[in-house]
Amino acid sequence: MVILAGDGDFPALADVGGTALLGRQLAMIARSALHDVLVVTGSAAVGGYCGDGERWGLAVRAVAPDQVAALLAETAMILPGDAVTEVDLDRFLEHHRRHGAAATLLVQPSDHPDQGDLVVGAEDGRVLGFRVPPHVGDFHNLAWTGPAVIERRALNGNLSIRAQVERLLSAGRPVQGYRSPEYVRRIVSADDLERVRADGTAGLPDRLSLRSPQPAVFLDRDGVLNVEKGSVTTVEALDLIPTAPPALARLNRAGFRTPVVTNQAAVARGLCSLETLDAIHARLETGLAAQHAHVDRIYFCPHHPDPTLSGGVPSLLVRCECRKPKPGMVHAATADLNIDVARSWMVGDSSSDMGLARACGMGGILVRDGHGGRDGKSSAQPHVVVDDLADAVRFILDVWPGLSVELDRLAADIKAGDVVLIGGLARAGKSLLAQCLSLRLGQSGRAGVVVGLDNWLKSRDQRGAGVLGRYDLDAAHQALTALARREAPVTPPRYDVWTQISHPGREAVTLAPDDILIVEGVPALTQPAWRALATRRLYVATDEAGRRRRFHAEYRRRGWSDNAIESTYEDRLRDERPIVLASRAHADAEITLDGLLG
Ligand SMILES: [Mg+2]
Ligand SMILES: [Zn+2]
């Protein structure tokens, strides 16, 4: 293990969060299986600081550059001495050994790729060369940030690693890239020092570390990062959604892993070659980088399950394990990026993204952009519905931390097999509360199954008077009773909000004895028989002005005119509000999401 600490005391001895930078590096090495460290320095103070390394449990020697060659181990890991680094060194070394390369470079997306060299890499992770600025055209945002593993025989006794790597490349020797999301930040200026101190206070180095599983925000591509256009098959057709890059940059700064998981059946259909797809992804990365945002990796499924597709690429017309909602890409990302899937999110515009979220036990956030979930590929419900990625990021970073505390408070009083009713006025946030409660229960190893009473809304021309006339209460009652008693599977009807027509259901709901049944809807607390089934009765209270705003927004999205919306709103104030407000008296707890819903 070699640390290139430089000639002076700065930044090796600069204070970063109460510890000298060099001390942080030695502490990190002490957490790995590595033990012998050469600190290459011309500074007596740096040498004095390390001593023999005993206080880190390491064997450290401070040496001059010309002494290093004779002391190197066969495989040397080299760290820049001017970078705050939090890397799982064992994993890095393992990657080097597995690929048998002459050298392996730690590569990652750069926040400022315009200012530095980029690595040109091959599909299999081989490094092909370096690209120096100015970078003209599109590029894959991948830079070498300094850490390297190199074979002693390849090093030639020369510690100028970049020059050695160039020599290896021109000799055709294998140089591998090790893609890591981990924290490596050079300190060149006082500003850099301030920034790494702030990052340390925020816990960013630990959150980015591969040493422990960390949450990710899995991102669908089309409809989330770029405009959904049916199929993007040329570089020119890729248009970034303007609000996406700044939102992604927020996720990057917060330390979330950000893998993209995208179905690209256009490849199987013969509409887009793998080379074109790669060029499209280079354009995507370039556009994101221009706004200091990056995705950790892009996983794509090039397959299509129909073997008879005319014009298709025969080898790709297969039933695979990676086409969403199948979880293959999530599994690959989880292995590559050490992801804590249960604390992760999937942001997508398609029902198959929500199916993937459900299949993996992640929180599913549906964006109204793109397909807006209306593609009918899966019946999986989202946990949260928002306008776009920017709103999804606001939910994850600003809403969820507080909401999850509230949910834990509620969940503490809920036992296995309970029946929870959630009532309240339309647009109060009942469905969000129900879905997020079930998500939170799932994160603590329990299962909450949400049943929405809106499934039993009658077709428009079948409705009786008032709020209770809009629902098929008898059918809902039979279903809820059967579910609460865990008798038989129930197949709720489906109400289509766009056409206002009720259809026969397709998906059966089955409850295990321990599953928690969560029933949400406007009439949830209005029926004495349902209240008798329930062990918990929650009322979602809301401020009327905010509710009216959300009511208008929802019906505007459904294509209603402002007049129709307002008169419906007024009707409901008369025929719905008094009955629902009266049901509030039967609740044993009240909760409000105002302030969270905006
Ligand atoms: Mg999409
Ligand atoms: Zn696939």
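These are my notebook entries on a predicted model, taken topic by topic.

**Entry: a sheet**

I looked for the strand order in an open sheet of seven strands and wrote down β5-β4-β1-β6-β11-β8-β12. The pairing in this sheet is mixed. I reminded myself that strands of a sheet pair through backbone hydrogen bonds, either parallel or antiparallel.

Which strands are at the edges? I found β5 (59-63) at one edge and β12 (175-179) at the other, each with pairing on one side only. On average, neighbouring strands of the sheet are turned by 25° against each other, with direction ignored.

I then took one pair from the sheet, strand β1 (residues 2-6) and strand β6 (residues 75-80). These two run parallel and are joined by three bridges. I looked up Val2 and found that its bridge partner in β6 is Ile78.

**Entry: two helices**

For helix α9 (residues 244-254) and helix α14 (residues 389-411), the angle is about 25° and the axes are 8 Å apart. Angles under 35 degrees count as roughly parallel, so α9 and α14 are roughly parallel to each other. I recorded their crossing as left-handed.

Which residues make the contact? From α9 I listed Ala244, Ala247, Arg250, Leu251 and Ala254. From α14 I listed Leu389, Ala390, Val393 and Leu397. I sorted the residues of this contact into eight nonpolar, no polar and one charged.

**Entry: backbone exceptions**

I wrote the general rule at the top: most residues other than glycine have a negative phi, and most peptide bonds are trans.

Where did I find cis peptide bonds? One is the bond from Phe10 to Pro11, with omega near 0°. Pro11 sits in the loop between β1 and β2 (15-16). Another cis bond runs from Pro133 to Pro134, with omega near 5°. I placed Pro134 in the loop between β10 (127-131) and β11 (143-151).

Last, I checked Arg427, which is not a glycine but has a positive phi of about 65°. Arg427 is in the loop between β20 (419-424) and α15 (430-443).

Key
Residues are numbered from 1 along each chain as its sequence is written. Chains are lettered from A and ligands numbered from 1 in the order in which they are written. This is a predicted model: local features need pLDDT of at least 70, side-chain atom pairs count only at pLDDT 80 or more; totals for chains, interfaces and linings use all residues. Axes are lines fitted to C-alpha atoms, for helices over the stretch in contact, and angles run from 0 to 180 degrees between N-to-C directions. Helices (H or I, at least four residues) and strands (E, at least two) are DSSP runs, numbered from the N terminus. Angles under 35 degrees count as roughly parallel, over 145 as roughly antiparallel, 65 to 115 as roughly perpendicular and the rest as oblique. A crossing is left-handed if the near helix is turned anticlockwise from the far one by less than a right angle, and right-handed if clockwise. Two residues are in contact if their C-beta atoms, placed from the backbone, lie within 7 Å. Ala, Val, Leu, Ile, Met, Phe, Trp, Tyr, Cys and Pro count as nonpolar, Asp, Glu, Lys and Arg as charged, and the others, Gly among them, as polar. Two strands pair if DSSP finds at least two bridges between them.
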